[in-house]
Structures are given as C-alpha cells and as structure tokens.
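Please examine the sequence and the model shown below.

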Amino acid sequence: MQTHKHKAAKIVVVGSVNMDLLFKTPRMPAPGETLMGQSFHQIHGGKGANQAVAAARLGGEVSLIACVGQDDFGRSSVAALQADGIDTQLVRQVSNCATGVAGILLDDSGENSIVLAAGANAEVQSTDIDAGKTIMSGAQFLVCQLETPMASVAYAIQQAKTLGLQVILNPAPMQDIATDLLNQVDFLVLNETETQQMTGMSVENAESAVAAAQVLRQRGVGTVIVTLGAAGVVVVTAEGSMTMPAYKVEVLDTTAAGDTFVGALAVALGEGEGLQKACDFAQRAAAIAVTQLGAQTSIPHRSLVESHFH
Ligand code: ADP
Ligand code: NA
C-alpha cells in the first residue's frame with residue numbers, strides 16, 4: 001500500500017476513551033502485598049480511542065463518538081486525539097463523571113493485569129449516535145468495540161447499516177451478542193480468548209481458530225478474523241479460509257496490538273484493498289505496536305509501516 005494513491009478511508013469509531021495508568025513491576029503483587037514498582041507511565045488508551053488513533057495515523061479520516069469526564073484526564077485525552085487529526089466534535093464531556101481509567105500492571109515477564117473503571121464510557125447513549133448520523137452518512141466504515149454500552153453499540157450498528165456503511169466489530173471485552181446484531185456485522189475481529197468465549201470452543205492453533213470462526217459465520221457474520229498474537233491471523237469468509245503468519249519482531253508490550261490491527265484494517269479496506277492485502281497491512285502495523293510500550297504511544301504512523309518489513 002502506497003500513501004496518496006487512494007482517497008483517504010472515511011471511518012467513524014464509536015468507543016471508549018481511557019487514561020491508562022501503567023506500572024512496570026518485577027512481578028504481580030499478591031493479595032494484601034505492597035510492592036515497589038520500577039516505573040509509572042500515564043498513557044492515552046481505551047479501545048475506541050486506540051482504534052481511532054491507529055486509523056488516523058495510518059491515513060484514515062476519522063471521527064470518534066465517545067464520552068469523557070469533565071476532568072484533566074478527559075481534557076488531555078481530547079487534546080491528544082485532536083493532535084492525531086481526529087474529529088472530536090462528537091466526544092461529549094459528561095459533568096460529574098470521571099474519565100475512564102485503566103490501571104495496568106506490566107511485569108518483567110511481559111504479563112499484564114488490568115482493572116478498568118468505565119466512568120464516562122458508560123454514558124455513551126443513542127443520542128450520541130444520533131448526533132453522529134450526518135458524519136456517518138459520509139463515511140465508509142463504522143468501527144465498534146464493547147467498552148461502551150451494548151445498547152449504544154447495537155444502535156450505532158443498526159444506524160450504520162441503514163446509512164450504507166460497512167461495520168467492523170471488535171467484541172472486546174466479550175459479552176453476549178444478539179444474533180440479529182451479529183447479522184449486521186461485516187467484519188468481526190477478535191482474539192483467541194474472545195473467540196473461545198463466544199463459541200465455547202477451544203482455540204489453540206490456526207486450525208481450531210478456523211473451526212470456531214466458521215461457527216461464528218454460521219451465526220450471520222460476514223467475515224471473521226481471529227487474531228492469534230505472534231501466530232498471526234486466520235480469516236474466514238464465504239469463499240473459504242486463509243491463515244497468515246505474523247511478522248517477526250522483538251516483543252516489548254502487546255498492549256494495543258489488536259486495536260492497531262483493527263484501525264489499520266479499516267483504513268486499508270476503506271481505500272479499496274482486498275482482504276488479504278488489508279490484513280497484511282494490519283499485521284505490519286500491529287507488529288510494530290508490540291515493539292513499543294503502552295497503547296497510543298506504540299501505534300505507528302503510515303510512513304513507518306511502509307518503510308518496515310521489506
Ligand atoms: P489482542 O491485542 O486483541 O489480544 P492479538 O494479541 O491477537 O490481539 O494481536 C493482534 C495482532 O497483532 C496479531 O494478529 C498480530 O498480527 C500482531 N501481533 C500480536 N502479538 C504479536 C507478536 N508477538 N509478534 C508479532 N505480531 C504480533
Ligand atoms: Na504496545
């Protein structure tokens with residue numbers, strides 16, 4: 001994929017905005033234990049914001065529908081989104097409400113433990129979606145996750161389909177999804193844990209991922225993409241399945257790998273790329289993200305993706 005060859009992809013993201021409070025720690029503390037950490041980092045995150053940032057840095061024209069609190073975290077999150085060129089006129093500041101926060105412990109083995117406080121993310125309502133209808137009608141893709149209320153995500157997807165958009169759903173964190181909602185999803189992008197949770201099937205390798213993805217397709221999803229971390233992705237469509245290995249990199253922190261993949265996928269598909277090329281672009285971008293610490297600090301710009309992995 002070359003820059004400037006195509007018209008920019010027009011993408012609307014509905015989703016969460018969090019401030020990530022990241023502690024590097026030698027190991028996970030036991031219950032009741034106080035442990036000295038090695039360092040602390042305050043990093044912009046939230047799956048919705050991360051996916052919007054990925055799409056914007058990778059060349060998309062992006063609007064975000066979200067809620068933040070009227071606090072310093074909210075103001076700084078909006079400023080960061082704007083600095084990435086994201087349209088934030090539909091990011092609503094909710095009074096008497098905290099911005100979403102993620103407390104993250106990352107230990108020396110690369111393992112992480114996370115506590116989320118949804119805060120303003122729980123306030124995203126159908127009226128927020130209605131406010132975005134004009135912007136949606138000019139867009140190609142709606143991108144959603146499940147850190148905002150299911151009812152609002154369902155409403156957004158329904159509106160998007162009425163307006164002729166294609167829908168990418170990243171069902172994380174996993175919740176039960178109604179069949180009539182799955183029927184409206186063009187691209188379901190989920191990791192192995194979410195795939196296991198949604199199907200009750202064990203997903204250990206590409207073969208079992210394809211089998212589970214086929215079950216999800218039978219529930220009405222157009223294309224299912226299961227991301228398998230360092231093992232790459234499997235893609236299952238009506239035509240069949242393909243397995244693509246990941247790019248080999250030195251892993252520092254896998255935070256936002258999946259979010260980078262989703263944002264990149266939307267950009268490439270929106271530029272008219274085929275599914276295989278779009279997944280390749282998304283895997284390149286996601287592989288770079290795992291070499292850097294944190295969420296939005298690790299999401300690469302397009303120029304870096306294009307100059308990497310020859
Ligand atoms: P999530 O972050 O949602 O759990 P994954 O861990 O499956 O998602 O990662 C999403 C994608 O990011 C993978 O399909 C792959 O392309 C890339 N990726 C993740 N981990 C690695 C890794 N260790 N090496 C190379 N690429 C990776
Ligand atoms: Na990262």
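**Helices and their contacts**

Just after helix 9, glycine 272 adopts a positive phi of about 95°. Helices here are DSSP runs of H or I with at least four residues, numbered from the N terminus. The model is predicted, so local features need pLDDT of at least 70 and side-chain atom pairs count only at pLDDT 80 or more, while totals for chains, interfaces and linings use all residues. Residues are numbered from 1 along each chain as its sequence is written, and chains are lettered from A and ligands numbered from 1 in the order in which they are written.

Helix 9 itself covers residues 257-270. From first C-alpha to last it reaches 20 Å, close to the 20 Å expected at 1.5 Å a residue. The helix is mostly covered, with 14 of its 14 residues buried (20 or more other C-beta atoms within 10 Å of a residue's own, C-beta atoms being placed from the backbone).

Helix 1, residues 47-57, packs against helix 9 at an angle of about 45°, with the axes 7 Å apart. Residues meet when their C-beta atoms, placed from the backbone, lie within 7 Å. Among those in this contact are Lys47 and Asn50 of helix 1 and Asp259 and Thr260 of helix 9.

A second pair consists of helix 7 (residues 192-199) and helix 8 (residues 206-218), which pack at about 50° with their axes 10 Å apart. Helix 7 is thus oblique to helix 8. Their contact includes Met198 of helix 7 and Leu216 of helix 8.

Notes
Helix = DSSP H or I, 4+ residues; strand = E, 2+ residues; numbered from the N terminus. Expected span 1.5 Å × (residues − 1). Buried ≥ 20, exposed ≤ 12 C-beta atoms within 10 Å, placed from the backbone. Axes fitted to C-alpha atoms, helices over the stretch in contact; angles between N-to-C directions. Contact = placed C-beta atoms within 7 Å. Parallel < 35°, antiparallel > 145°, perpendicular 65-115°, else oblique.
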